[in-house]
There are 2 protein chains.
Amino acid sequence: MAQINKHLKKEQKGEDRGCCGIPGIPEPRFLKAFSDSTRLRILAHLVEAKEPQMVSEIAKNFPIDVSVVSRHLAILRDEGILLAEKQGKEVYYSVRYEFLSSIFRGFASAIESCCPSKEKSE
Amino acid sequence: MAQINKHLKKEQKGEDRGCCGIPGIPEPRFLKAFSDSTRLRILAHLVEAKEPQMVSEIAKNFPIDVSVVSRHLAILRDEGILLAEKQGKEVYYSVRYEFLSSIFRGFASAIESCCPSKEKSE
DNA sequence: ATAATAGTTGCATGATGGCACAAATAAACA
DNA sequence: TGTTTATTTGTGCCATCATGCAACTATTAT
């Protein structure tokens, strides 16, 4: 059960999480983790799986090398999106559901709270 | 008041908005729009401004060329994050608050709804 | 100890992206 | 008309990044 989430950054500890002066807006590096289609699909796969999966098992679902999947998982882990737990040879990755949903809900609120009144979209 | 939001993609029309099979998870290209720090700061600036601003006015707040700001604004506009309205020579950009908050709230819900039970984070 | 398996990391490569500068477009005005 | 101002777009440069392959580490089994 050894957690190997390297250096838990301030985001993970829920300290500031604010760039640009507006609290609630995540940092670009965090959002960048979602910007790649492969990475997003890996995340979606883990969300659907509903249970921790090891790297090689995850990699089976993607037409790319295991090393690439490993790197993507590391990026998601470093941003606190995934939790990594080592069990023997295997490393099991799982989604940090509550962390993720709270971040994005906070993002939505931060934007909405600044809404002047009604959006005059088309 | 001519809106120049090029080709309104499916996202803007609230049709599917789903990649990876899970509805509620935005497309990578949409999330990529938030991955750059300059772009995120431009967005934050507009959120704080609470009213439409023209390109040259926005650019005053950033140590980069106006052309670069224009390109960033175009990216945000193409993803439905900003609304662009041309008035004479000027183009006024504003935040689509409701659209944005609904997308991220939906993202949060999509993740949360897949949460098995309780996250076993540290 | 040796071998086998799981995962990570070093390295090279091709693609993408942010940036500055210059040119092009568009609108208001002399 | 030509000129000025606001914005967009073409181009090139440099940095970052996703990928594959190979080497390396770590753990388990023989």
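## The surface near DNA strand D

Helix 4 of chain A gives the largest share of the surface near DNA strand D, with 4 residues. Here a residue is near a molecule or strand if one of its heavy atoms lies within 4 Å of it; helices (H or I, at least four residues) and strands (E, at least two) are DSSP runs, numbered from the N terminus. This is a predicted model, in which local features need pLDDT of at least 70 and side-chain atom pairs count only at pLDDT 80 or more, while totals for chains, interfaces and linings use all residues. Residues are numbered from 1 along each chain as its sequence is written, chains are lettered from A and ligands numbered from 1 in the order in which they are written, and side-chain values use heavy atoms, with hydrogens and water left out.

Around DNA strand D there are 25 residues, of which His72(A), Ser56(B), Ser70(B), Arg71(B) and Tyr93(B) come nearest. Of the atoms of DNA strand D that come within 4 Å of the protein, 68% belong to sugar and phosphate. By class, the surface near DNA strand D holds 7 nonpolar, 7 polar and 11 charged residues. In this division Ala, Val, Leu, Ile, Met, Phe, Trp, Tyr, Cys and Pro count as nonpolar, Asp, Glu, Lys and Arg as charged, and the others, Gly among them, as polar.

## Polar contacts with DNA strand D

A polar contact is a pair of N or O atoms within 3.5 Å; within protein, one must be able to donate a hydrogen and the other to accept it, and residues adjacent in sequence count only if both atoms are side-chain atoms. A polar side-chain atom of His72(A) is 2.4 Å from a phosphate oxygen of DNA strand D.

## DNA strand C and His72(B)

DNA strand C is surrounded by 25 residues, the closest being Ser70(A), Arg71(A), Tyr93(A), Arg39(B) and His72(B). Sugar and phosphate make up 70% of the atoms of DNA strand C that come within 4 Å of the protein. The largest share of the surface near DNA strand C, 4 residues, is supplied by helix 4 of chain B. In the side chain of Ser67(B), an N or O atom lies 2.8 Å from a base nitrogen of DNA strand C.

His72(B) is located in helix 4 (residues 66–78) of chain B. With a relative accessible area of 12%, His72(B) is buried (under 20% relative accessible area; exposed is over 50%, partly exposed in between, with a 1.4 Å probe and protein chains only). Apart from its neighbours within four places in sequence, His72(B) is in contact (heavy atoms within 4.5 Å) with Asp36(B), Thr38(B), Arg39(B), Ile42(B) and Ile64(B).

## Helix 5 of chain A

The buried residues of helix 5 of chain A include Tyr97(A), Phe99(A), Leu100(A), Phe104(A) and Ile111(A). These buried residues pack against strand 3 (22–23), helix 1 (28–32), helix 2 (37–49) and strand 6 (90–95) of chain A, together with helix 5 (97–112) of chain B.

## The two chains

Chain A can be laid on chain B with an RMSD of 0.1 Å by a turn of 180° and a shift of 0.0 Å along the axis. This is the relation of a two-fold axis. The copies are superposed by least squares on the C-alpha atoms of residues with pLDDT of at least 70 in both. Because 100% of the interface residues of chain A are also interface residues in chain B, the copies meet through the same surface.
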